[in-house]
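Biologist: Hi! Could you walk me through the charged pairs in this one?
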Amino acid sequence: MSHVLVSKSDGILRLQMNRPEKKNALTLAMYETLVAGLADADQDPDVRVVLISGLPGLFTSGNDLKDFMNPSDLSAVVRFLNAIINAEKPIVAAVSGTAIGIGTTMLLHCDLVYAAEDAALKMPFVDLGLVPEAASSVLLPAMFGHQRASALLLLGETLSGSEAHRYGLVNKVFPDFDTLEAGALERVRHLATRAPASVRATKKLLKRAQKSAVDEAMAAELQVFGERLMSPEAVEAFTAFMQRRPADFSKFH
Ligand code: COA
């Protein structure tokens, strides 16, 4: 069975991450399915809006760390990020539970984000000897301020759904998964009935001012990210995760 469930009805293309046994960690194949879904959404005139979600209590634990240990190919991740950044039709995310790494940074590019009370957003790039991606190094300070962005990125602090709501990353917080599903679907269905060309043009205008900063940040981040993936610090972090022990960075400088 596919680890991303894709369905299309009533103008909504739905992408649901579904790999519970590995906490919805994103594999190369899952990125490819997401990219194909986003491309299909932009090409199919019957699709008006994309809904991305996960499972109850589990949005995604981010990139599959086994794939990060085999860092020859970042292209699927890059294709996914470019697809979500450049999508013409609106993307709505419904987040319940764990949203780690790209699970949080992808939300910066969604047009509407709904969360359940249990949402826990975390970007542990430094924990892994890595650096931020998805232009989060510019979008997070812009949204949260430098110091709060530093707490999220340098300390890897967790952001609850209501904190994310307070700072504008989340539109509304729902009590649980079922109310989140219902609330997100209600808004997605409403969006699907709105004038489609006007929606697309409005989305493009909303993103226009940040477009070049986002593209520039993506390029700068990816260069460092690729280097960091091979670094001894990252290798120690990935090995520690696999061995279920804390990483020891004491020997690095
Ligand atoms: N990549 C690969 N495998 C992952 C994973 C990831 N990002 N996240 C979880 N898994 C796997 C675990 O290795 C484990 O596999 P196993 O049962 O074969 O041993 C399984 O999913 C369950 O995870 P586990 O850690 O036992 O669950 P937990 O409830 O104790 O913790 C998390 C859940 C998500 C908090 C924890 O797994 C975690 O921190 N994952 C890594 C997150 C991360 O750093 N992502 C990359 C961000 S850039």
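This is a predicted model: local features need pLDDT of at least 70, side-chain atom pairs count only at pLDDT 80 or more; totals for chains, interfaces and linings use all residues.

Biologist: How many salt bridges does a search of the whole structure find?
Modeller: The search turns up nine salt bridges.

Biologist: Which residue does Lys8 pair with?
Modeller: Lys8 forms a salt bridge with Asp40, and their closest N and O atoms are 2.9 Å apart. The two sit in distant parts of the chain, 32 residues apart: Lys8 is in strand E1 (residues 4-9) and Asp40 in helix H1 (residues 28-43).

Biologist: And which residues are in the network with Lys8?
Modeller: Lys8, Asp40 and Asp44 are linked in a network of salt bridges.

Biologist: OK, new topic. What do Arg79 and Glu32 do?
Modeller: Their side chains meet in a salt bridge, 2.4 Å from N to O. Arg79 lies in helix H3 (residues 75-86) and Glu32 in helix H1, so this pair ties together parts that are 47 residues apart in sequence.

Biologist: How accessible are Arg79 and Glu32?
Modeller: Arg79 has 38% relative accessibility and counts as partly exposed; Glu32, at 34%, is also partly exposed.

Biologist: Last one: what does Glu233 meet in a salt bridge?
Modeller: That would be Arg228, with an N to O distance of 2.4 Å. Glu233 is partly exposed at 25% relative accessibility.

Biologist: Why does Arg228 count as partly exposed rather than buried?
Modeller: Its relative accessible area is 22%, and buried means under 20%, so Arg228 falls in the partly exposed range.

Methods:
Residues are numbered from 1 along each chain as its sequence is written. Side-chain values use heavy atoms; hydrogens and water are left out. A salt bridge is a side-chain nitrogen of Lys or Arg within 4 Å of a carboxyl oxygen of Asp or Glu. Helices (H or I, at least four residues) and strands (E, at least two) are DSSP runs, numbered from the N terminus. Buried means under 20% relative accessible area, exposed over 50%, partly exposed in between (1.4 Å probe, protein chains only).
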